[in-house]
Structure formats: structure tokens, C-alpha cells
Amino acid sequence: MQKSLLINSDKCTGCLQCEMACSYENYGTFNLSLSRIKVFDFHSAGRKVPYTCTQCDEAWCMHACPVDAIKTDAATGAKVVFENTCVGCKVCTIACPFGTVNYVASTGKVQKCDLCGGDPACALACPTAAITYVDAGWTGLERMKQWAAKTDNQPRA
Amino acid sequence: MSWAGKILRVNLTKGSCTPEPLNMEWARAYIGQRGLATKYLCAEVDAKVDPLSPANKIIWATGPLTGTMASTGGRYSVITKGPLTGAIACSNSGGYWGAELKMAGWDMIIFEGKSPKPVYLYVENDSAQLLDAGWLWGKSVWETEPALRTKHQDPQVRVSSIGRAGETGCLYAAVVNDLHRAAGRSGVGTVMGSKNLKAIAVRGTKGVSNIRDFKEFMKATTAAKKVLADHPVTGQGLPKYGTQVLMNVINEIGALPTRNHHDVQFEGAKNISGEAMHEPRKTDGKPNLVTNQACFGCTIACGRVSKIDETHFTVKTRPEYWGASGGLEYEAAWALGAANGVNDLEALTYANFVCNEQGMDPISFGATVGAVMELYEMGVLKKEQLGIEAPFGSAQALAYFAEVTVKGEGFGKEIAQGSKRLTAKYGHPDLSMSVKGQEFPAYDSRGIQGMGLTYATSNRGACHLRSYTVASEVLGIPVKTDPLATEGKAALVKAFQDATAIFDSAGICLFTSFAWTLADVQPQLAAACLPEFTLEELGVIGERIWNLERDFNNRAGFTNKDDTLPKRLLTEPAKTGPAKGKVNGLDKMLPEYYELRGWDKTGQLKPETRARLKL
């Protein structure tokens, strides 16, 4: 079963454990500036919103790459940057409509979420389940259930 | 090793920024943050220095766990000699600023001297420069933070700054970061302002890479996070109600100081409680509370984010206060509410917003207003000089006083001096509910006896964050003790004081201690820093830090005579509730406490205590 990250910003407290876990998983260091997931603070609305790559099927970044450095991981569906091939041209960062591919000055390559090979560290680190890793075909399951409970949850007579 | 190993020394008189290596010998002996910065301050500043003179220094300090994946590992403290008390001042803040400084590669920043004109410090990783802040002077914290991000074209800059209160010399001005997280007490913001230092803007992209044993550290922090999640206080009570979970509880046990400690129970407690913040308002059908919020790395998330009713008299014509921002924590709700007999939740939220916006401690402010209202009711202070009628319970007076005090206008200039100076000026010094010049927080020591000793001996003046025996006396953490008994409280207070010093020096939040003991902190510190940080060693270090602070205060001129409480708490019995008829039994606890501390009768460290703690 293919899975995908499901983000529910209602549950996000803004603790940034996800960002720290991401940098630790990928670089072995605690460094917010290296995180591939970012939490945005819409302060006056009282909202914190985690945001990262949605792993587009027809990924703009992948199509834009002139050296084929972004490939699909068959197991996870993640679009993965192959650092040895990447030349740091940054065209993918322009192509991505969501801004989730970014250049890393210290390596001279781009980086994006690769779902940690199928066990995303951000989801594991999130203390409130604002970030979960679920069946890619059923990301709406929990929301469906909530509405079903709202509209039709009376005990049978 | 987890320390960045590098500190920044900024001489404001000369305008110089100089990096220097961290004194590792001191780091081993004092850990970081509160303990380590106090060591630097004690070594470099004459304890008798005028707090607002250029000779005083002020330090922003992180701990070794700041900027790591330890839960709540984002704390920093501001350490200086405080202008409100003349004692050591050490105020702790969360938010994201501390982690940013650590990720820029610095353990602490020491400011010395005084700048000839307003400046701010801009730190971008290794680079640090003092820049002109003339254009920022007069601006609020809420204006300063976005202004600096715009100026440096970097939306990820974090800012620690003062507002108008710190500029105009309010003696309890706070240092604020991330809009509403504050190093709140003792006037650390006043010292910042006295040096013409407006803000510290930081961007750090270096990260924290020098954890001693990453694998061990991840294991220890994961286990410790589970302890927090599984505990009823840190796992459920605090996220849902914040510290405001306490309002009804403390009122119930008759320890909610009301109307300048005249009463110990407040009939309006339920209207300003954590529960009330969840209730839909009659006016707009929305609750005061919008959501809870975490500081950096925190898996508890006790922070309150509130929105004021747009039709409320305080903000009706001012849309700038209509957005969500930092809501009421328990101490602020008490100081702005019960201490003044005000039960209007929206008015308290507004006064709290103003305190955050302009960098002012809501505890000392609210408690001082309590004294003003008592003096007004006695006829000592009149409407003409106050600018408003100010009986207990007046939300209008509270809101008005907040506005004039942060700006240092009119009678606000006198409120900004704190209750000790204000009540003395008007001939009623006994009405200042303070110790060493700092106002009490939200626990009446007639109803919680151990807090009397806590307040009397706190190194930064009256404070609940130096030994929170409420945990034991009310909540039964780690063991339940009788709040009305004095027996055993000397040892309890000492144990809490020493342990707290470790939490405050490690870079983590004291609120973890509802669930964690030092045995939960120790594996995290040892894995991050040194295997030598054993449980036993941490016990010694905690005691060492406490005595270091005490010794500074002694050298500043404090003696046993200052370890006392206002007459009201020692002679006027509680009128209602479980503590009815009780005063605080400080005299039954203090001599035993000195004995346990290894101090002589005047409160000085005995030579053998000094030797044992290597002071």
C-alpha cells in the first residue's frame, strides 16, 4: 500500500519537533534551516500550519530537471533528489508551484521531502498527530468519518 | 558536548562585538543558562553596582539543551542585577528566540557598558554587529519584530526586544520575544533600556551538531517525552487549560490572594478561570481562547492564544487589538484580576495584550494596581491624581492604568515604580505585597504555608518559579504535603529550590517538572553534555547555583532581615476557606531552613558550606 503524509493543521501547536526530526534524519544535526517541512505561523488567526511536498504524481520538479536528478521511489511514490546527479541549477525550485523544493547552499544541491524512505521522521516526532502517514488512497478517511458522525450518528431505535 | 562553546561579548560603550570561548570549567560546574550566566555576572560585576548604571551587565543565556530535540528545549534566560529589587535578577523565556541563538552558534551574549544612542544587535551566525535603533525607539515589541524582519529582508529572523515600558524606565519592564513570550520579572527589560539597547535580532542556520552521544540522546529524549504525554498535568491539564487550570483550584483551597491580599478567595474566580476561557461569550458566541500553543520543542503546549471580544469597551474602536495573541496565563489572570477584584475576562486579556505589546511584567503591574486600589479606597489616593476612579473591581481603571503605565505617563509613572516605592511614598509601606521589592505571584502563603518560605527566601524577590511547593502542597507532586502545616517545609523548599536551579540551567522549561524529576532530566543532560552529569552531581550543582545567587545578594547588602513577608501575611489571618484563621508561620520554618542551607543566623554562607560547594 502506498502511503502519504496527512497534515491536520488544527492539531499543530507549533513546537517544531517535525522540523528538528527532519533535519536530524537527513543531516544528523538539529537545524531548522535544513528542514524539508516548515511550520508557518499565522499569528493573528491563531493558526500554525505545517507544510511540505505533496509528492505530485506528474511532478513539475521532476519534469523540469534537465539532468534527471529527481526520480520516483517505486515503493513510496516519493519524488527523490539524487544528489550525485543534481547540478544545483535550481530549475526545479522554480517549477514547483508549492515552493517545497529548495536549494541548500552548503551542499550546492536541492532538497525536498523524500518521505524518509517510507517512515517519515516528522510524523513520528509530532506529539499531537497533526502529521500522520496514512494510506495514500484514503487520506480523506478520518474526515469522512467525522462528517458521518456529525450527520448520522444517532443510535438505532 | 552540546554547548556551542562560544560566547559573544558586546561592549555598548565602545560599540564592539567580540567572540570568546566559553569557560568550560564553569560550564561543568554550573551547566548553562541561569547557573552559568550567574557565575559570569558574579565574577564580572560588583554586587553593589547601581542596576541602571553602565557598570551593570546583562546576559542573554541559553542552556546546553536549548536548540535540541529535548522536549521544551528552547529556553533562554536574561540575567542581571535587577532594578526592582537590587538583587540578582534572572528571568526565563520560551518561544523560539533561544533556539535561534543557539543555532547561530552562541551559548550566551554578555552586554556591558551603555550605548550613547539607541542600538540593536544583529546576529547572523558568526557575524554580530550593533546597528542604529533610533528609528525603532518608541516602537512597541509588536512593531519592532516585523520591522526588523523587513529591514533585514529575512522573515525568519527572531527578535528579543523591549517596548515602551523598558524605554521609559518602568522598574518591572520585561524582555519579550516572539510577540508574547517574556523574560518577564524583576525588570530585566529596564536594564536593557537603560543601556539604550532596543533589540537583539538573530538568525541562526548552523544548527546544533555537537551532542555528545546522539543515539543515547534520542533514546533519552523520546523516553522523557512519553513521561510528559502520560502525565495528567503535562499531558492533559496544561494543554487544555494552560496554567489557568489552577484558578478554581487555588481559589477553592483559600489561597487566591484577592484585593491586595485582603482576602484569600475571589468570588469572581470562575469568571476569569481557564474554564471560562473555553466558554462561548454572550456577545459573539466565541470563546476567549482560540487555541493552545507550544514554544520551541515543547510537547506540552500550555500557551494560550486568545482573541478579545471586538465589542468590548477596551478595543471597540481599536482593530489593532482584534487579532489573536498571547492569552492569559494563571499568574497574569490573577494579578490583573483577583489582585484587583476585577472579574472581566476580556479586560484582563486586554491588559495582558498591552503588557506583551509594550514589554511589562503583568504580575508586578497588576499587584501594584492592587495596592493603588486599596490606597484609593482608603482615601489616600484621589481620582484627580490617578486620572480615574479606581475602586477594587474597576475594569476601566485596570485598562487605563495599563495604558499609562507602559508609556510612563501621568500616574502611570508612579505605578511603574512598583508597589514598594509607591506605597512608601504615600505613607503605607505595609501595603506593598512584596518581598525584597518584588510583588507576589498568585498564591497566598496563609493558605499554602510552604510558599511563604519560598517567597521569603527567593533570590530574586517574591516568586513562584524558584521553588514551586504548590506542586507538593496542592497537587501532590511528587508527594502530597499538608498546605496548612509548616513542619517539613524547610526541607521541601530547599529540595525544590535546588532542583529548579537545574531545570533553569539546562535549557528546558520548569513546567516539565510536573512530570519529570531530576532522574528524567539527568539522562538527557548526560547524553548531550557529559557523563559526569550524574544525578548526585546535579544535586550538588543545584545547591551550588542557589548559594551563588544568595552570596551575590548578601554582597549586595541583603541579610536575614530581608527574608521576610509583609505584615499582612504574618498578622492578619485568612478570613475564609480552609485556611481561615491562619497566618503564615514563617518564623517556624526559617531557622530550620538556614540550618539546612548551612547559613549562619544572619543568612550568610558558613565557610564550610562555601568549601563543600566549591564556591
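Me: Two strands pair if DSSP finds at least two bridges between them. How many bridges pair strand β9 of chain B with strand β12 of chain B?

Reply: Strands of a sheet pair through backbone hydrogen bonds, either parallel or antiparallel. β9(B) (residues 158-161) and β12(B) (residues 197-203) pair over four bridges, in the antiparallel sense. Ser160(B) has Ile200(B) in β12(B) as its bridge partner.

Me: What should I know about the model before going on?

Reply: This is a predicted model, in which local features need pLDDT of at least 70 and side-chain atom pairs count only at pLDDT 80 or more, while totals for chains, interfaces and linings use all residues. Residues are numbered from 1 along each chain as its sequence is written, chains are lettered from A and ligands numbered from 1 in the order in which they are written, and side-chain values use heavy atoms, with hydrogens and water left out.

Me: What is the strand order in the open sheet of six strands?

Reply: Read across chain B, the order is β8-β7-β12-β9-β10-β11, with mixed pairing. The edge strands are β8(B) (127-132) and β11(B) (181-183), each pairing on one side only. On average, neighbouring strands are turned by 20 degrees against each other, direction ignored. Such angles run from 0 to 180 degrees between N-to-C directions, and axes are lines fitted to C-alpha atoms, for helices over the stretch in contact.

Me: Which strands does helix α4 of chain B lie across?

Reply: α4(B) (residues 141-151) lies across β7 (119-124), β9, β10 (175-177) and β12 of chain B. Its direction is about 140 degrees to β9(B).

Me: Which strands stand at the edges, β13 and β15 of chain B included, and why is one side of each left without a neighbour?

Reply: Take the open three-stranded sheet of chain B, ordered β13-β14-β15 with antiparallel pairing. β13(B) (289-293) and β15(B) (325-326) stand at the edges; each has a single partner strand, so one side of each lacks a neighbour in the sheet. Four bridges pair β13(B) with β14(B). Leu289(B) has Ser306(B) as its partner there. Two bridges pair β14(B) (residues 303-306) with β15(B). Val305(B) has Gly326(B) as its partner there.

Me: Which way do the residues of β14(B) point?

Reply: Gly303(B) and Val305(B) point one way, Arg304(B) and Ser306(B) the other. All are buried. Buried means under 20% relative accessible area, exposed over 50%, and partly exposed in between (1.4 Å probe, protein chains only).

Me: How many residues lie between β2(A) and β3(A) in their hairpin?

Reply: Four. Gly46(A) in the turn has a positive phi of about 70 degrees. Five bridges join β2(A) (residues 38-42) to β3(A) (residues 47-51), and the two run antiparallel. Asp41(A) is bridged to Lys48(A). The covered face of β3(A) holds Lys48(A) and Pro50(A); the uncovered one holds Arg47(A), Val49(A) and Tyr51(A).

Me: How many salt bridges does the whole structure hold?

Reply: Side chains of opposite charge can pair when their charged atoms come close. The cut-off is a Lys or Arg side-chain nitrogen within 4 Å of an Asp or Glu carboxyl oxygen. Over all chains, the search finds 44. One network links Arg9(B), Glu20(B), Glu44(B), Lys57(B) and Glu112(B).

Me: Which parts does the pair of Lys567(B) and Asp430(B) tie together?

Reply: Their closest N and O atoms are 3.2 Å apart. Lys567(B) lies in α23(B) (residues 567-571) and Asp430(B) in the loop between α17 (418-425) and β16 (434-435) of chain B, so the pair ties together parts 137 residues apart in sequence. Asp430(B) is partly exposed, at 41%.

Me: Are Arg597(B) and Asp498(B) buried or exposed?

Reply: Both are buried. Their side chains form a salt bridge at 2.9 Å, N to O. The pair links α24(B) (residues 586-597) with α20(B) (residues 489-506), 99 residues apart. Compare Asp284(B) and Arg281(B), which meet at 3.0 Å. Asp284(B) is partly exposed at 32%, whereas Arg281(B) is buried at 11%.

Me: At what angle do the axes of α20(B) and α21(B) cross?

Reply: Roughly 35 degrees, with the axes of α20(B) and α21(B) (residues 518-528) coming within 11 Å. Ala499(B), Ile502(B), Phe503(B) and Ala506(B) meet Leu518(B), Val521(B) and Leu525(B), contact meaning heavy atoms within 4.5 Å.
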